[in-house]
Amino acid sequence: MSTTSDGGTGTTARVLRLLDLLQSRPVWSGTELADRLGVTTRSVRRDVERLRDLGYPVNAAHGAGGGYQLGAGRRLPPLLLDDTEAVAVAVCLRLAAGGTVEGLGEAAVRTLAKLDQVLPGRLRAQVEAIHEATVTLDSGAATVDAATLLLLARACRETERVTFAYAGPRGSGERQVEPYRLVATGRRWYLLAYDLDREDWRTFRLDRMADAGARGWRFTPREAPDAAAYVQRSISRGAYDHVARVRIEAPKSLVEKQIPPSVGTVTSDGPDRCIFEAGGNHLGAMAMHIGALPWEMTVLEPPELRETMREQAARMLRAAGDPTTG
């Protein structure tokens, strides 16, 4: 195959085809590759050297049973996907981004954002069609628009300002923010961002957003707080009228297994006990939830919560027919 008339593009296409073949099967003989590419085995050897120069670890073994094999490198090389493979990967990433696989949601969103950026329009339409036609059993998680998720993921990576309409518990309106990180709790997605109008860091639930858009306005990153810790603190305490502090007579490792991070924070208070902190707007509901915890405990704050628990305990004793309660 001559490459002098096309400025080397024929060679480039052949090398990409060679990479695709090496990724599709564990071992290829030189003759098999030459037949597939329509070149001589000498050209195959030259193209293998070109791949090695680009950083692809191509192993070669001589003799019976030998051949060319794409080895494991220090970093993952780019994958060459055909149309069907690209659609399959995008659909699987969307399912993973929905939180169906523990620990994969955030990584799936980052990967899906990269893939969505280079996916041809016709394949993107196929992915959308499959996504719209797929129904999953309700896990109790809030529904998040996939397009919004991708837009925010790209904006975080590209340091690009974002605007959106937000319906929060304390009012609605348009927000203009500098997005930094997406945080998944298993039930909901949150955005950690710097709110330009309020000149402070804020946490936003993605299921409360609408009409999100990025207009190409770039920003210089600020020194940001730890995203996971900030979001956990915000959703478990920051937005509530009351914050409970409870000393639990059990190790932190045990308590954390039964209290999700979205409910409250647990800090160690020695080897055999810990401090649980959580927010709420209704003292009665807080008292019931705390009272349902299966450990001995002491309510440290607020005093109003202790009084509410006393009233509830007396009412329950009366309901149980305890004669000592009168």
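## Buried, exposed and in between

A residue is called buried when its relative accessible area is under 20%, exposed when that area is over 50%, and partly exposed in between. By that scale Arg222, with a relative accessible area of 37%, is partly exposed. Keep these words in mind as you look around this structure, which is a predicted model.

## The protein as a whole

The protein is built with eleven helices and eleven strands. Its chain has 326 residues, and 35% of them count as buried.

Side chains of opposite charge can pair when their charged atoms come close. In this protein the count of salt bridges comes to 15. One of them joins the side chains of Asp195 and Arg175, with 3.1 Å from N to O. Asp195 belongs to strand β5 (residues 189–195) and Arg175 to strand β4 (residues 171–184), so this pair ties together parts that are 20 residues apart in sequence. Are these two partners buried or exposed? Both Asp195 and Arg175 are buried.

Another salt bridge connects Glu178 with Arg222, where the closest N and O atoms are 2.9 Å apart. Glu178 sits in strand β4, while Arg222 is found in the loop between β7 (209–213) and α8 (227–238), so the pair links distant parts of the chain, 44 residues apart. Glu178 has 4% relative accessibility and counts as buried, whereas Arg222 is partly exposed at 37%.

Now turn to helix α10 (residues 283–291) and helix α11 (residues 303–319), which pack with their axes 9 Å apart and at an angle of about 75°. Angles of 65 to 115 degrees count as roughly perpendicular, and α10 and α11 are therefore roughly perpendicular to each other.

On the α10 side, the contact is made by Leu283, Gly284, Met286, Ala287, Met288, Ile290 and Gly291. Helix α11 contributes Glu304, Leu305, Thr308, Met309 and Gln312. Sorted by class, this contact has seven nonpolar, four polar and one charged residues.

## A closer look at Thr163

Finally, find Thr163 in strand β3 (residues 162–168). With a relative accessible area of 10%, Thr163 is buried. The residues touched by Thr163, leaving aside those up to four places away in sequence, are Arg175, Gln176, Asp211, Ala212, Gly213 and Arg215.

Gly213 is 50 residues from Thr163 along the chain, yet the C-alpha atoms of the two are separated by 5.5 Å. Arg175, also touched by Thr163, is the residue that meets Asp195 in a salt bridge.

Technical notes: Residues are numbered from 1 along each chain as its sequence is written. This is a predicted model: local features need pLDDT of at least 70, side-chain atom pairs count only at pLDDT 80 or more; totals for chains, interfaces and linings use all residues. Side-chain values use heavy atoms; hydrogens and water are left out. Helices (H or I, at least four residues) and strands (E, at least two) are DSSP runs, numbered from the N terminus. Buried means under 20% relative accessible area, exposed over 50%, partly exposed in between (1.4 Å probe, protein chains only). A salt bridge is a side-chain nitrogen of Lys or Arg within 4 Å of a carboxyl oxygen of Asp or Glu. Axes are lines fitted to C-alpha atoms, for helices over the stretch in contact, and angles run from 0 to 180 degrees between N-to-C directions. Angles under 35 degrees count as roughly parallel, over 145 as roughly antiparallel, 65 to 115 as roughly perpendicular and the rest as oblique. Contact means heavy atoms within 4.5 Å. Ala, Val, Leu, Ile, Met, Phe, Trp, Tyr, Cys and Pro count as nonpolar, Asp, Glu, Lys and Arg as charged, and the others, Gly among them, as polar.
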